[in-house]
Amino acid sequence: MRTGLFLSRDDGNISEAIDVDSLAGHFSHLPVAKVYDNFFRYSDHRDILKTVDENGLDAVVLAGDSPKYYDTVRDGRLILEGLKSRGINENKIAFANIKEQGALAHGGENGEVTRKAQLLIDVALAKVEMCHRVKSMVVTPRKSVLVIGTTPGGIIAARELLERDYRVYLVEREAAIREHAGIEADILPGLTAVQMNDRADILLQTEIEDISGWCGEYSVVLNTRTSREEIKVGGIILSVGDDAEWIGKLRPKMQLDIDHEGLLRGKQKSNLIGETREPGIWFIPFRKNGDFLAAETSAASVAVVSLTALLDRTEIEHSVLISEVDETVCGGCGTCVKTCAFSASSMNLTRKLSVIDTMRCKGCGNCVVACPTGARDLVSYPEKFVLEAIEIMSRAELDDSEPRVLAILCNGCGYPAADAAGRFAIQAPELKYSTNVLPIQVECGGNIDTLYILKAFSRGFDGVALTVCRDGHCYHVVGNTDMERRIGLFREVLRSRNIDAERLRVINVSPHEGELFSSEIRSFCDELKSMCCEEGRP
Amino acid sequence: MAAKTSVATTWLQSCSGCHVAFFDLHEGLLDVLESIEIKYSTVMDVKEVPEVDIGIVEGAVANEDNEEILKTFREKAKTIVALGTCACFGGIPGLRNLFQRADVLERGYVETESSVDGKIPTGAEIPALKKHVVPIDQVIEVDHYIPGCPPLPEAIADTLMALVEGRTPERKTRNLCEECTRKKDRMLVASRDFVTDSVLAPHELEEIDPEKCFLEQGVLCMGPATCEGCGARCMDGNMPCRGCMGPTPDALEQGAKIINALASILPAGGMLFQEDIVGVGYRYSLPVSISPHLVDRGGE
């Protein structure tokens, strides 16, 4: 495999704290180790792709911004699309987050931050090395959309979809179209247009029983009072307003993020407000204040334009980022069937083998952790890679006067919270924390294997911090619950090895709570330090 | 007639139960002896370990004497077979890794109820206890494994006959549910409800259903986290698996894995009080777990 390392100065934000050029020198044994001012500027962006071509790279490590940036922001996604179009597999692109969880997060000694950055790059290199290529699947998108909820935004979205020649199912759980006090007159023309169009079905008193599939190809089971019907749609738009009860019911079926009031929360705050983690599912955010109708109209347009931009394509490619079954190891115990919150696991009784429904599997990794034989593994975060990452981080030479902490960060909450802590620390330096806090990203709280914790302690870490979503917020629905159950039982195992259970800290945090993440991590480090002192260690 | 395959056997830190399992082949032993000749064994009066084709080692490595015998076996035998759970995974003797060596000696020689004025013996002729118990493959290279506490007599015969005939003995990779014939019902329903309301010890059940999965009866069974190969004898005897076959080769360890698995199967609160989680999870395989002994923070 030919791996290239691209390092970003981020126009000085990174290079102020990290000696990026010396890192390039350190990794000069790689086919490419190159430093850029800013990946996302056109000239640098173009040069990265050119370098990939010229050197025949088949794996890339991007050392700079958080992987979250590449997931949520358009210029980040463009780089990934560019790399993929050069034939680099999604699993052969890894990130070393030396910005939000490096340069921005730590003050003080320049050398220490550079050393941590080197470690993060080592881990990213191990990831591209150890993750096998992810398969992809091509779907021809259906030109039909399910609109859930007859709020003004839902009706506007339905009308706009019909104008774009889409088939529309407008579903409402109540017995009548929702009332829109004060703006009935504004909504009526749109509603009439939907009602009159024979390419639209308005289904009242209807619940969504089940959803499976991917962007372009969803199977939805609708349950009306009188019948049960399965429809196929290419995408879904949620327009359920402040109906938190309905959101609560829909959430487990389509992995929606919610805020503290139980209302839908977007993947990002900036440009695409109604975007969810699922590219085929959009929502119309509820706004209490301001011009309600204008907000609904514009949000509906954003959702329709963004969704149809995808569905208008002739084909959509999906990475099959799921949990796999090793048939030579699975004995058919059924644990994965009990664990999966999405009914994606079932048992082939004749062969006594677990079977994965790829259309349902969300790739959360809960079954991987639960599988007692090691027959399961996640395509994107294989267990052996995480264990190797812990091994790499345990071997690093660090400042021994501070406790060494492994922070196992859930992709949904802890990881973005740690990013936020870094970003906030630009304005509030008191949020900076020790460089001896070493992060490892996992897919979900349910993806945290107790093995990782044991491994970290047996390799000399002074403490392990786990982050999980707040109650009821896990977008894999049960990841935080299962993790907490496991940890509850596991503390006894730690005690049996002479490890004070206080050295394991579970931090409940939401993705934007950077201050909380930082203060929890810092107080944990302080407590560990006093524990170490009591044991007569530095 | 071709020369018989020569065999030497020994036991290290163990109970000799695996040798008894060998004799449990009964008349079958005569068939095996047609093909092999036992040249040396702990139960024979032979002083020196001769050069042999196969060396069979029972037991874990717990003291210097064990280590020396083991190394001699590796030198003299072309093929080494680890016999039984102690040799493969450290087994029951390995549980002492949860204590400091000094405390183990103190307990064994001084504090035991049967000791009067006990003293910890010292002297050059007494092999020193190693700090930790380890399976034999952490000291020498091992070619084949026959786990089980004790192993199935047939598994011993099968392995020996395979070696005699130049075949590679089969190594099992799945968990025990593969071999267990008990019926699963709620375990296979994709629902997040626990399979029972409570966790019970087998004797707390009024009647143990001989055909129903133990987990579905609320009894903690180690089968899911245990390697197949024993023929599910305990379940046939209406008792749950205790895990003596050790982890499957891909699972890395049993204790953490059974905890991970049970979290969505049995009510966790009940488990905490009903069972000794550490004892259940690591009874036979502590020395091969991710954290095989006390974590040393600058102590002993």
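With 18 C-beta neighbours inside 10 Å, does Lys352(A) count as buried, partly exposed or exposed, and why? Lys352(A) counts as partly exposed, because 18 C-beta neighbours lie inside 10 Å; a residue is buried if 20 or more other C-beta atoms lie within 10 Å of its own, exposed if 12 or fewer, and partly exposed in between, with C-beta atoms placed from the backbone. This is a predicted model, in which local features need pLDDT of at least 70 and side-chain atom pairs count only at pLDDT 80 or more, while totals for chains, interfaces and linings use all residues. Residues are numbered from 1 along each chain as its sequence is written, and chains are lettered from A and ligands numbered from 1 in the order in which they are written.

Lys352(A) sits in the loop between strand E18 (345-348) and strand E19 (353-356) of chain A. Helices (H or I, at least four residues) and strands (E, at least two) are DSSP runs, numbered from the N terminus. The phi of Lys352(A) is near 50°, a positive value in a residue other than glycine. Gln205(A) also has a positive phi, near 50°, and lies in the loop between strand E8 (200-203) and strand E9 (206-214) of chain A. Gln205(A) counts as partly exposed because it has 14 C-beta neighbours inside 10 Å. Most residues other than glycine have a negative phi, and most peptide bonds are trans. In chain B, the peptide bond from Cys149(B) to Pro150(B) is cis, with omega near -5°. Pro150(B) belongs to the loop between strand E7 (144-146) and helix H6 (153-164) of chain B.

Two helices of chain A, H13 (residues 383-395) and H15 (residues 450-458), have axes that come within 10 Å and cross at roughly 20°. The axes are lines fitted to C-alpha atoms, for helices over the stretch in contact, and angles run from 0 to 180 degrees between N-to-C directions. H13(A) and H15(A) are therefore roughly parallel to each other (angles under 35 degrees count as roughly parallel, over 145 as roughly antiparallel, 65 to 115 as roughly perpendicular and the rest as oblique). Val386(A), Leu387(A) and Ile390(A) of H13(A) make the contact with Tyr452(A), Lys455(A) and Ala456(A) of H15(A); two residues are in contact if their C-beta atoms, placed from the backbone, lie within 7 Å. Helix H14 (residues 414-424) of chain A is mostly covered, with 10 of its 11 residues buried. Among them are Tyr415(A), Asp419(A) and Phe424(A).

In chain B, Leu70(B) is placed in helix H3 (residues 64-76). Leu70(B) counts as buried because it has 23 C-beta neighbours inside 10 Å. Leaving aside neighbours within four places in sequence, the contacts of Leu70(B) include Leu12(B), Val57(B) and Ile136(B).

Finally, the two chains meet: 41 residues of chain B are in contact with 48 residues of chain A. Helix H8 (255-262), helix H9 (268-274) and helix H10 (277-282) of chain B each supply at least two residues of the side of chain B that touches chain A. H8(B) gives the most to that side, with seven residues.
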